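Please read it with the sequence and the structure at hand.

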Amino acid sequence: MADFSILTWMLLLPLGGALLILGLPRDRVGAIRWIALGTSVGVLALALGLLLGFDPAQPGPQFVHHWNWAPSIGAAYRVGVDGISLWLVLLTALIFPLALAASWTIEDRVKEYMALMLLLETGVLGVFLALDLLLFYIFWEFTLVPMTLLIGIWGGPRRVYAAVKFFLYTMAGSVFMLVAIVALWLLSRPLTGTGTFDPAWMAAHLSPLLSQEAQRWLFLAFGLAFAIKVPMWPLHSWLPDAHVEAPTAGSVILAALLLKMGAYGFLRFNFSLFPTAAQELALPLAILAVVAILYGALASYAQDDFKRLVAFSSVSHMGFVMLGLSAMNPLGVQAALLQMVNHGLSTGGLFLLVGMLYERTHTRDFRELGGLWKALPVYGGILIVVGLSSMGLPGLNGFVGEFLVLLGAFGSAALRPAAHGLTALAAFGVVLAAVYILTMILRVLHGPLPERWRGLPDLNGRELAIMAPLLVLILLIGLYPLPFFAAMQASVQYGLAAVAQPIWALR
Amino acid sequence: MVWMPLLPTLILTAGALGLLLAEAFRRPGSTTGMAWGALGITALGMGATSALATWGTIEGIYSMVLWDRSAFWLSLTILVGAGIAILLSRHYLADRGIERGEYYVFLLLAAAGMLLMAVAADLLIVFLALEWLSFPLYVLAGFARPRVESEEAALKYFLLGAFASAFLVFGIALIFAGTGLTNLNDLAAWLRRPDPDAQPLVWVGGALLLVALGFKVAAVPFHLWTPDVYEGAPTPVTGFMAAATKTAAVAALIRVFLIGMGPALALWSGPVALMAVATMIVGNGVALLQSNFKRMMAYSSIAHAGYLLMGLLGDPALAVPGVMFYLLAYTLATMGAFAVAVGMADPHGEDQSFRAYAGVARGSPGMGTAMAIFMLSLIGVPPTAGFFAKLLLFAAAWQAGWVALVMVGIITTVISAYFYLRVVVAMWMGPGEAARLPGPYPWVRFSVALTGVGTLLLGVLWLMLGGLSL
């Protein structure tokens, strides 16, 4: 067993916190909440330590912890972080304390709730850290269970339907990925004796041996699981239900983190393991991404429910992420990675704001809202900033991500000959974003203030403390994104070597 | 040392007879002592099984019995199932006024028959073991007499079981007529250089064996008895039948088809694959429609027979350890689920509809958590044992080229998620008050804890300790 890396502590800490909470009597609600929050803040501290120790020049994984736990099948516990996963790990470590702080208003079965949240944190971190296909799959599926229970127990009126739909939809995709993992493992057995689940080894030794057809099938099997998670149009129909019914913290984590797992999976596994299939399928992927951008934006505009609007805007934003990834050039991929973080911050923030509003008004229907700026000036100001960030206003983080995604797609060799047309259509999505975001701001904040909302209290200290880090990052990334790109550059270039190189030879 | 492979069987048989004697002289009243005795005997059997584990391969009694790795895992699984069934029975019987000492005797005798099946290397032993394990089960299924459902279960199981036995014995007779052999290794040797004239007899005999064992393992289309018998039988017996009987039947299938009929794989793989597909689809499909927990578990048991049949066809290097592990994982999850069912059941009624489970996790979060773990394991969600088990079986089948079978397997797995989740949904998300019941007895709690922790950790432990090479 190799030395424990900081990453293993990051995985064990929430697990330990969950076990500690399970050991407490259920009426000690205060202690349970503080332990949960303390644990997640501890993870955040570890993550910041990780950031300090991270070497941006090194393309490969760092802080690796390797342990061959199942020698007879060649499965390893192998975790590590590189420029691709670094920001997602940090985003996870940041979002969880905020989500837990936003869950202070949960009163029903607090013990179970907090334990499940911490288990979920271990699962999400594991997905971003795992460098072994079996381990990745275990974490991938593991996130499903706590999320389903969070939606199903603490969700809205249609929570059971939404929870079961979420579980079945996601699982239906995952099992195909499992079969693909099994197939890869079986192919690796004659070469290694016991077989291996190491994607780096597979990319180097196995992928070149795969026929184009085999690569295509395996790409699709992995891709189905990831596409459902992203979600890509037309596999998105679980998302509005799950987002709307989930409790606030659940929606935040779902939007900010779980959707990223899908996009991350594409980049981490599909591109490196099946490079030639990836080049072949880049264009269809980009077309679906553009459809998602436009469809998500239009659907978002059509909503009367605040939360549904934000949910559909996720479909649109994740379309930008997928467009950047399918550009398969360093610019597009880096922009996509940043856009994942941006979406986590802005959409996570919007879900938090929806939740805070709902706790005051007990409605999310635009037709009953309006004029709230008069009653909630601080809330209104924050909502506008986060909304504009989601919209892609220059100076805020969303602009940097979306603009560079478009730039990357425009110059993409993988998307030729449709690169320019797709970019133009996607750019139109930015306009649509302005339409639905500004409409949302209009319908929530402007107009006459209904009499019954006159006495609503503005944000309290806890809520301000939740929003503050998001606002700081929204501004920071918007004004000075360079350090964020600097950390991911080496890994992205390295990761794209397989898909970017032979493309000139092919065409 | 020719008797060594029989050691666990003999221990259980002798113990059962000893208990029977004790029962005759026992003062009327509580049967707690009998339950302790039965537990002790089961533990002794486990001790013997573990001791034999280090012995490697032992042939015994004119090669009629064989102790090997498979026998070890099968025996262990059967004894785990029997032990938990005993733990669950103690209060279940008392609460329902059907507390009779011979219950434990029958249970141990059934387990002894199953242990014999685990070491069978001869068709005669297969037949003997099948009868031996079946007769006590017929009685146990009807143990909740005078409840009509229980009597119905016993009668149905007996009539159809007798039918299956007839198929088995006729199949053995035909094979014997064709080859003059009953030993499975000799049969395999014969099949490698078959006598063309006698071949048809052997094929027909093999088909009859498949029918008989298909009945015992609850494979489609020989599964029709399962839901009624499972529903009617006392819940601990249902669990025992679902877990241990299935293990014994799979043991028979492995011995007869993988060893005895191994060289004729090309002939029986088609029918077995069809059976596997039908079993997975019907089992999981019909389970969707159930609103009663025990009936749902019956179809679940059918569905898992389908996955296990897939294991017969897979690459043996993966499939044999895969099936062994699958049975253990399945036994833990199934016995655990029935343990929760026993713990949650109203002692005076037998309401096992999902409605009866609504909201119980509020009052008993431990039971709710355990049930969730069992259901997730039965679906095959990591990191539970069921995940690794399914992984191995799918890998084995894929390796042997049964891609279509794997596809059916994974699609039905997704379908199965729906009905297994219904239990979790009912317990955790259903409307209902907290804790109407006094809470389960310590014996039941212990079983739930044991199977719950086992289900959660076994997969990882098994792989850490050696996995495929165990």
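The points below cover the contact between two chains, helix packing, a strand pair and some backbone details.

The model is predicted. Chain A and chain B touch through 27 residues of chain A and 26 residues of chain B. Within chain B, two helix pairs are described, α5(B) with α10(B) and α12(B) with α13(B). In chain A, the strands β1(A) and β2(A) pair in the antiparallel sense.

**Contact between the chains**

- The contact takes 26 residues from chain B and 27 residues from chain A.
- On the side of chain B that touches chain A, the elements giving two or more residues are α15 (365-379), α16 (385-399), α17 (403-429) and α18 (442-464) of chain B.
- The most is given by α17(B), with 10 residues.
- By class, this side of chain B has 21 nonpolar and 5 polar residues, and no charged ones.

**Helix α16 of chain B**

- α16(B) has 15 residues and spans 21 Å from its first C-alpha to its last, close to the 21 Å expected at 1.5 Å a residue.
- The helix is mostly covered, with 15 of its 15 residues buried.
- Just after α16(B), B:Gly401 has a positive phi of about 90 degrees.

**Packing of α5 and α10 in chain B**

- Helix α5 (residues 123-141) and helix α10 (residues 235-260) of chain B pack at about 170 degrees, and their axes are 12 Å apart.
- An angle over 145 degrees counts as roughly antiparallel, and α5(B) and α10(B) are therefore roughly antiparallel to each other.
- From α5(B), the contact uses B:Val126, B:Leu130, B:Leu133, B:Leu137, B:Leu140 and B:Ala141.
- From α10(B), the contact uses B:Val237, B:Met241, B:Thr245, B:Ala248, B:Ala252, B:Arg255 and B:Val256.
- The residues of this contact between α5(B) and α10(B) divide into 11 nonpolar, 1 polar and 1 charged.

**Packing of α12 and α13 in chain B**

- Helix α12 (residues 293-313) and helix α13 (residues 316-344) of chain B cross at roughly 175 degrees, with axes that come within 10 Å.
- That angle makes α12(B) roughly antiparallel to α13(B).
- α12(B) contributes B:Phe293, B:Met297, B:His304, B:Leu308 and B:Gly311 to the contact.
- α13(B) contributes B:Ala319, B:Gly322, B:Val323, B:Tyr326, B:Tyr330, B:Ala337 and B:Ala341.
- The contact of α12(B) with α13(B) has 9 nonpolar and 3 polar residues, and no charged ones.

**Strand pair in chain A**

- Strand β1 (residues 62-70) of chain A and β2(A) pair in the antiparallel sense over 5 bridges.
- A:Trp67 has A:Tyr77 of β2(A) as its bridge partner, and A:His66 has A:Arg78 of β2(A).
- The hairpin of β1(A) and β2(A) has 4 residues between the strands, and A:Gly74 in this hairpin takes a positive phi near 75 degrees.
- β2 (residues 75-81) of chain A is mostly covered, with 6 of its 7 residues buried.

**A:Val385**

- A:Val385 lies in helix α16 (residues 377-391) of chain A.
- A:Val385 has 19 other C-beta atoms within 10 Å and is therefore partly exposed.
- Apart from neighbours within four places in sequence, A:Val385 is in contact with A:Leu471 and A:Ile474.
- A:Val385 and A:Leu20 are 365 residues apart in sequence, and their C-alpha atoms are 38 Å apart.

**Backbone details**

- Most residues other than glycine have a negative phi, and most peptide bonds are trans.
- A:Arg416 and A:Pro417 are joined by a cis peptide bond with omega of about 10 degrees; A:Pro417 is in the loop between α17 (397-410) and α18 (419-445) of chain A.
- B:Val220 and B:Pro221 are also joined by a cis peptide bond, with omega of about 5 degrees; B:Pro221 is in the loop between α8 (199-217) and α9 (225-232) of chain B.
- B:Ala218 is found in the loop between α8 and α9 of chain B, and its phi is near 65 degrees, a positive value in a residue other than glycine.
- B:Ala218 is buried, with 29 other C-beta atoms within 10 Å.
- B:Ser63, in the loop between β1 (58-60) and β2 (65-67) of chain B, has a positive phi of about 60 degrees although it is not a glycine.
- B:Ser63 counts as partly exposed, with 14 C-beta neighbours inside 10 Å.

Key
Residues numbered from 1 in each chain as written. Chains lettered and ligands numbered in written order. Predicted model: local features only at pLDDT ≥ 70, side-chain atom pairs only at ≥ 80, totals over all residues. Contact = placed C-beta atoms within 7 Å. Nonpolar A, V, L, I, M, F, W, Y, C, P; charged D, E, K, R; others polar. Expected span 1.5 Å × (residues − 1). Buried ≥ 20, exposed ≤ 12 C-beta atoms within 10 Å, placed from the backbone. Axes fitted to C-alpha atoms, helices over the stretch in contact; angles between N-to-C directions. Parallel < 35°, antiparallel > 145°, perpendicular 65-115°, else oblique. Pairing = 2+ DSSP bridges.
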